[in-house]
Amino acid sequence: MATKISISPYHHSSASSHRQPPPFTAPAQLPNKKRFTVFCSSSKRAPSPPSAVAEERKNPSLAEQLSPLSTTLLSDNANKTQLLSKPKSTWVNPTKPKPSVLSLHRHKRSTYSYNPQVKDLREFSKKLNECEESEFLAVVEGIPTAPTRENTLLVLNGLKPWQKSLLFFNWVKAQNLFPVETIFYNVTMKSLRFGRQFQHIEDLALEMIEKGIELDNITYSTIITCAKRCNIFDKAVDWFERMYKTGLIPDEVTYSAVLDVYAKLGKVEEVLSLYEKGRASGWKPDPIAFAVLAKMFGEAGDYDGIRYVLQEMKSLDVQPNLVVYNTLLEAMGKVGKPGLARSLFEEMMELGVTPNEKTLTALIKIYGRARWAKDALELWERMKSNGWPVDFILYNTLLSMCADLGLVEEAERLFEDMKSSQRIKPDSWSYTAMLNIYGSAGNVDKAMVLFKEMSKVGVNLNVMGCTCLIQCLGRAKKIDDLVKVFKASVNSGVKPDDRLCGCLLSVASYCDGDDANKVLSCLELANPKLVALVNLLTNEEITNIDTIREEFKGILNSTSVEARRPFCNCLIDICRNRNLHVRAHELLYIGSVYGLYPGLHTKTEEEWRLNVRSLSVGAAHTALEEWMSSLAKIIQQQETLPALFSANTGAGTHKFSQGLGSAFASHVEKLAVPFRESEEKAGFFFATREDLVEWLQSNAVA
DNA sequence: GTAGGGTTAG
């Protein structure tokens, strides 16, 4: 395979900015975009604390070992508190050469002695759960036995709503019959965590500190995971830091909870550092820890990372369980490896692990996205014949898969199944999937039937369903219906997002006169600046490129990243369809300057390639013309050219795909450029140097 | 959910 020379800013040849060699061989291929960002951030790392302090001690403390964390993740005063913190000897075992970052022993569970009152106390908890808060004090006085330590703990354990747990806990404290120990706080905190009440949990933790009640690993892991679930990650990190500063070493539960905190923050390097330190301390990570790592690498799109997880599990002889398999499958999907997902699934089956809804959802999604119709349908058959579990998310994923593969009849059958099912009723996701299918297949009538049906059965149209419907009506040139649907949607609470705006803009690009104005008046309600730019582009002859660039920049800055290129594509189409070719070229230029078309040109010694896969038809035409004129200049300057030139439009594997390839082919024909569509490689056009040079010299496009 | 950690949808 020819080495691609990427013009992307992420072209870096080594992981040299990595602070220390990763435990796995540095990837042979280029680090991907997100990975590079991670490596890059490490170079911004704050300097380590003064080394003299560290040199005095032979055994670096846990705080020092983790100091890269506190210097990157905490505010500047983290350094100070670290240096001022307690003597480290309390948590360094002097007989051990290497101090441990985690304790290999878990907390011992307290054993319950048999309580003959257990049934009554459970009943009592239920009563408390069900009573009004205003009745609480009256009900609690009716406790059937003496409120001893054991009895109250049993009741507390049976309480569900966090309000009740807190009320009961406060009542127990007010009785003042026995010292309220750590376990009472832990049980109450757990209930509060279910209610996502971080502030209450933190208040209890501070109360424990104030009263001198010990916080143990269970307390800390509960606090940390509650902060995590509430998305208060700085608090999660805070409490972890606080824990080791008090001299308590995390056990593997707290440790993997913290790994997950850093993983969710996207701090891949920190997670790996913690992981390695744990391993060096003799930790044998369990499946939960590996699930955390696998999820993180999947989110980061880091295939090497996933391979590393698999390799680590193998070398440590840790069998993945169902959750780990599910996470790995998801991750394989995220990094775009459908084949590996398939073989992992087969491996899992051979080991006798039965898939659940999540497993199947992940796989169906992967096969649908990859357009692997055969595998998707086979799996669907297996699901049915094996009676594997199905839930509404899986149903909706199957519908989306049908949309991806253009399986209209199958989707209709499934949708009818859902309607007649007692358990699984179609929701807005299901309707969106169906609208997507009818929209892509160009079946306006059925799409409109669904639209009307939705308001009848009381399912709200969401912004994505609205986008599908608008696209469908636009393609069918039913502009009056489009306007009606758009206004009705906005009135019923749909908030137009960038994708919907992009969809309206694209409809406007292929409509003429009145119709275009109607569509633009809808767009005006959602994004007036975008419409102003369209007017600037199409109405004012005197508008210069600098004005356009500034306006466009302002719009791009307030547009989500994934919608930026589509915006530019549509604007180019609008210009071309109005015969404003110079404007179209200006827009392509501006788009390239703003990085909307990375990898548009790739070059090797043998071959130069134009990649137009992510361009609209108009943008692809513009890019081809632009390329030809720049090649003409290169020829004039007598620079070296490769033997082969190619253009890649993509094969358009989607059943409903719009056919960029054929549009490109006809433009090639119109210009009479000597590119030939490849018969072996779908979506590729090739020209030899000789043919192209001859054409360029006789056509003088420069 | 029986004092603590991990996985499903454009």
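**Questions on a predicted model**

Author: Helix 30 passes helix 32 in a right-handed crossing. Please bear in mind throughout that the model is predicted.

Reader: At roughly what angle do the axes of helix 30 and helix 32 cross?

Author: Helix 30 covers residues 528–539 and helix 32 covers residues 561–577. Their axes come within 10 Å of each other. The crossing angle is roughly 35°.

Reader: Is Thr 543 buried or exposed?

Author: Thr 543 is found in the loop between helix 30 and helix 31. The cut-off for a buried residue is under 20% relative accessible area. Thr 543 has a relative accessibility of 11%, and therefore it counts as buried.

Reader: What separates the C-alpha atoms of Thr 543 and Arg 583?

Author: Leaving aside neighbours within four places in sequence, Thr 543 is in contact with Leu 536, Ile 548 and Arg 583. Thr 543 and Arg 583 are 40 residues apart along the chain. Their C-alpha atoms are separated by 10.0 Å.

Reader: Why does Ile 548 count as buried?

Author: Ile 548 has its place in helix 31. Leaving aside neighbours within four places in sequence, its contacts include Leu 533, Leu 537 and Thr 543, and also Arg 583, Glu 586, Leu 587 and Ile 590. Ile 548 counts as buried because its relative accessibility is 1%.

Reader: How is Asp 515 classed by its relative accessibility?

Author: Asp 515 lies in helix 29, which covers residues 513–526. Asp 515 and Lys 478 are 37 residues apart in sequence, with their C-alpha atoms 9.2 Å apart in space. The relative accessibility of Asp 515 is 25%, so Asp 515 counts as partly exposed.

Reader: Which residues does Phe 675 touch?

Author: Phe 675 is one of the residues with the most contacts inside the largest nonpolar core. Residues up to four places away in sequence are not counted here. Phe 675 touches Leu 624, Trp 627, Met 628, Phe 645, Ser 646, Ala 647, Val 668, Phe 685, Phe 686, Ala 687 and Leu 692.

Reader: How far apart do the end C-alpha atoms of residues 251–285 lie?

Author: Residues 216–250 are 74% helix and 0% strand, with end C-alpha atoms 9 Å apart. Residues 251–285 are 74% helix and 0% strand. The end C-alpha atoms of residues 251–285 lie 11 Å apart.

Reader: What percentage of the residues of chain A count as buried?

Author: The secondary structure of chain A comes to 36 helices and five strands. Among its contacts between residues at least 6 apart in sequence, 68% join residues at least 24 apart. Of the 702 residues of chain A, the share that count as buried is 49%.

Key
Residues are numbered from 1 along each chain as its sequence is written. Chains are lettered from A and ligands numbered from 1 in the order in which they are written. This is a predicted model: local features need pLDDT of at least 70, side-chain atom pairs count only at pLDDT 80 or more; totals for chains, interfaces and linings use all residues. Side-chain values use heavy atoms; hydrogens and water are left out. A nonpolar core is a set of buried Ala, Val, Leu, Ile, Met, Phe, Trp, Tyr and Cys residues joined through side-chain atoms within 4.5 Å. Buried means under 20% relative accessible area, exposed over 50%, partly exposed in between (1.4 Å probe, protein chains only). Contact means heavy atoms within 4.5 Å. Helices (H or I, at least four residues) and strands (E, at least two) are DSSP runs, numbered from the N terminus. Axes are lines fitted to C-alpha atoms, for helices over the stretch in contact, and angles run from 0 to 180 degrees between N-to-C directions. A crossing is left-handed if the near helix is turned anticlockwise from the far one by less than a right angle, and right-handed if clockwise.
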